[in-house]
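Look over the model below before reading on.

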Amino acid sequence: MDLKLRMRRLRANEKIRSMVRENHLHPEDFIYPLFIAPGEKYRKEVSSMPGVFQLSIDEAVKEAKEVHELGIPAVILFGIPEHKDEFGCEAYQDDGIVQRAIKAIKKEIPELYVITDVCLCEYTSHGHCGVVRNGEVINDETLELLAKTAVSHAKAGADMVAPSDMMDGRVRAIREALDENGFSHIPIMAYSAKYASAFYGPFREAAESAPQFGDRRSYQMDPANGNEALREVWLDIEEGADIVMVKPALSYLDIVWRVKQEFGYPVCVYNVSGEYALVKAAARNGWVEEKRIVLEILTSMKRAGADLIISYHAKDVVKWLKEAK
Ligand code: PBG
């Protein structure tokens, strides 16, 4: 008998292709980022991120409603404060921009899962993610401020906190502070393997958080390193992380795969601003088909092992998934 292997049998039509498809995108995979700015009725598009806006709290509530109605389960909040200072004070004030946004969103849409980015870079005058002394980012002094920030977010009603600063020991510091303040039920999603990446360029315009001197290479990871990412993830798990993150996503799918294989923890990827901007720019020029390329990119993240995807494309994707049904 001539049993020739014919791989094309299961590719013959969409019916059978969909039946044997291994990976799928679902609305529940997504977390949508929101940039909260001061003021009222304020909605300003980020020039390098078409379709993404800085939003005043009232506008953010409207946006959050839309996100919820589309079936996206969660948002992640970033704040642009009115005033920046050396120690990023507005990051941990009870009436800070993010704290007020959490309350407003939770009041209107209690079912929406609200995650907060915990970092100082949007709040510091120097734009670094920690306390700066003599041109250096000081690790241990920063931990206290990050912990205060996380607790103030939880107090305002956040469902989960996500530290993105890359200081050593921040997950433990935040876990201890949350527990001591009655928030032992609040999970931590750690930006564990966060690389010093050129892919964050457009975000820094969106969040007005570019470092005013130097760069972030003394705390974010060297893009050349893979084994080190596993150590970072291992440490964060030891310190109490509930979900670990790899960021950026697309250039780091090997890391996503290794992290998932090694630890089996829930893995989140951040499909960052630069990844979004590249696709948007090429699509605007008619050089790529936006919908197909976005779905292909995001599906590759699932295939690599991601459980959750933070993406500026999330609203579009969920609309496309609905159309396809
Ligand atoms: C804050 C932070 C950054 C991003 C998320 N949180 C920027 C940075 O580290 O410079 C990047 C997100 C994106 O590019 O979409 N530390």
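A surface patch is made of residues with over 30% relative accessible area and no salt bridge, and nonpolar side chains are joined into one patch within 5 Å. The model shown here is predicted. In it, Leu10, Met19 and Val20 make a nonpolar surface patch of about 300 Å². One of these residues, Met19, has its place in helix α1, which covers residues 14-20. Is Met19 buried or exposed? A residue counts as exposed when its relative accessible area is over 50%. Met19 has a relative accessible area of 60%, so Met19 is exposed.

The next topic is the ligand. There are 18 residues around the ligand, and Lys194, Arg204, Lys247, Ser273 and Tyr312 come nearest. For Lys194, an N or O atom in the side chain is 2.7 Å from an oxygen atom of the ligand. A nitrogen atom of the ligand lies 3.4 Å from a polar side-chain atom of Lys247. Asp117 has a polar side-chain atom 3.5 Å from a nitrogen atom of the ligand. Taken alone, the ligand exposes 400 Å², and the protein buries 100% of that area.

Last comes the protein as a whole. The protein has 11 helices and 12 strands. Of its 325 residues, 54% are buried, where buried means under 20% relative accessible area. The C-alpha trace spans about 75 × 45 × 40 Å along its principal axes. What radius of gyration would a compact globule with 325 residues have? Such a globule would have a value near 20 Å, and the protein has 20 Å, so the two agree.

Terms used: Residues are numbered from 1 along each chain as its sequence is written. This is a predicted model: local features need pLDDT of at least 70, side-chain atom pairs count only at pLDDT 80 or more; totals for chains, interfaces and linings use all residues. Side-chain values use heavy atoms; hydrogens and water are left out. Patches are made of residues with over 30% relative accessible area and no salt bridge: like charges are joined within 9 Å, nonpolar side chains (Val, Leu, Ile, Met, Phe, Trp, Tyr) within 5 Å. Accessible areas come from the Shrake-Rupley method with a 1.4 Å probe; for residues, only the protein chains shown count as cover. A salt bridge is a side-chain nitrogen of Lys or Arg within 4 Å of a carboxyl oxygen of Asp or Glu. Helices (H or I, at least four residues) and strands (E, at least two) are DSSP runs, numbered from the N terminus. Buried means under 20% relative accessible area, exposed over 50%, partly exposed in between (1.4 Å probe, protein chains only). A residue is near a molecule or strand if one of its heavy atoms lies within 4 Å of it. A polar contact is a pair of N or O atoms within 3.5 Å; within protein, one must be able to donate a hydrogen and the other to accept it, and residues adjacent in sequence count only if both atoms are side-chain atoms. The radius of gyration is taken over C-alpha atoms; the globule rule is 2.2 Å times the number of residues to the power 0.38.
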